[in-house]
Amino acid sequence: MSLRTSANRYAKALFDVALEEKADLAQIDRDLQAVAAMLKGSPDVQLNLSRGSVTDVQRQSLMEAISKAMSLTAPVTKMLVLLAKSGKMNLVPELDAAYRERLMSYQNIVRADVTSAAPLSPEKTKALADSLSKVTGKTVELSVSVDPELLGGVVAQIGSTVYDGSVKTQLTKMRKELVKQ
C-alpha cells in the first residue's frame, strides 16, 4: 500500500473522530502542520521513532511527551501515539496534507494555483478568486506566482482543470492557425 493511501485512511479516521467528538477541526490541522514541521526539523526525533531498538512503549512515551510539550489536541495525540507504536511516523507529512484536503472539502474550499505574467494587485486577486468561485461553486483559496514568460494574462489550475487566459497561449494558437493556412 502506498504512503499516500495509508495517510488518506488515517486522515479519514482522524477527521471522523474529530467530527464525532466535536473537536476544533482547524486546530487539529494546525497541530498536524506543527508536528510535521517539528519532525522535518528534528532528525534526532525521527531517528528515535524509527530505530528498531526503541520499544513501542518508549515510542509511545516519546510521542506523549512531545504532544504534551506542544499542547496538541487529544485526537492528534491519540493519532501520533498510534502511529508511533506501529512504526508509521513517516506518514505524518502525508497525513497532514490528506487531513487538510478533507478539511477544505468539508468547508467547501478549493485551492487554485494561479500564475500571472505580472504581480496581481489585491483587487485583481480578489476579483479572480470571486470569478473562480462562481465557476466552481466553492470558496477559492489562491496560491499566486509570477511567470513573465506568459507575456500577459493568467493561468489558473484547480485540481486537474486548467483555465488558460495567457497571451503566450493565445499567440501559440494564432501561430498554429497561420501555419495551417
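Mentor: Helices (H or I, at least four residues) and strands (E, at least two) are DSSP runs, numbered from the N terminus. This is a predicted model, where local features need pLDDT of at least 70, side-chain atom pairs count only at pLDDT 80 or more, and totals for chains, interfaces and linings use all residues. Residues are numbered from 1 along each chain as its sequence is written, and side-chain values use heavy atoms, with hydrogens and water left out.

Trainee: OK, how far apart are the end C-alpha atoms of α2?

Mentor: They are 25 Å apart. The 17 residues of α2 should span 24 Å at 1.5 Å a residue, so the two agree.

Trainee: Which residues of α2 are buried?

Mentor: Leu-25, Ile-28, Asp-29, Asp-31, Leu-32, Val-35, Ala-36, Met-38 and Leu-39. Buried means under 20% relative accessible area, exposed over 50%, and partly exposed in between (1.4 Å probe, protein chains only).

Trainee: And what covers the buried residues of α2?

Mentor: The cover includes α1, α3, α4, α5 and α6 (92–106). Contact here means heavy atoms within 4.5 Å.

Trainee: How do α1 and α2 cross?

Mentor: Their axes come within 10 Å and cross at roughly 145°. Axes are lines fitted to C-alpha atoms, for helices over the stretch in contact, and angles run from 0 to 180 degrees between N-to-C directions. The crossing is right-handed. A crossing is right-handed if the near helix is turned clockwise from the far one by less than a right angle, and left-handed if anticlockwise.

Trainee: Which residues meet there?

Mentor: From α1, Leu-14, Phe-15, Ala-18 and Leu-19; from α2, Leu-25, Ile-28 and Leu-32.

Trainee: Switching to α4. Which residues are buried in α4?

Mentor: Arg-59, Met-63, Ile-66 and Ser-67. Seen down the axis of α4, the buried residues fall within an arc of 100°, so they line one face of the helix. That arc is the one of the directions from the helix axis to the C-beta atoms.

Trainee: Why would residues three or four places apart point the same way?

Mentor: Because an α-helix has 3.6 residues a turn.

Trainee: Which residues are exposed on the other side of α4?

Mentor: Val-57, Lys-68 and Ala-69. The buried residues of α4 pack against α2 (25–41), α3 (43–50) and α5 (74–85).

Trainee: How do the axes of α4 and α5 cross?

Mentor: At roughly 155°, coming within 8 Å. That makes α4 roughly antiparallel to α5. For the cut-offs, angles under 35 degrees count as roughly parallel, over 145 as roughly antiparallel, 65 to 115 as roughly perpendicular and the rest as oblique.

Trainee: What about Met-70, where does it lie?

Mentor: Met-70 lies in α4. At 26% relative accessibility, Met-70 counts as partly exposed. Leaving aside residues up to four places away in sequence, Met-70 touches Ala-34, Val-35 and Met-38.

Note on methods. Expected span 1.5 Å × (residues − 1).
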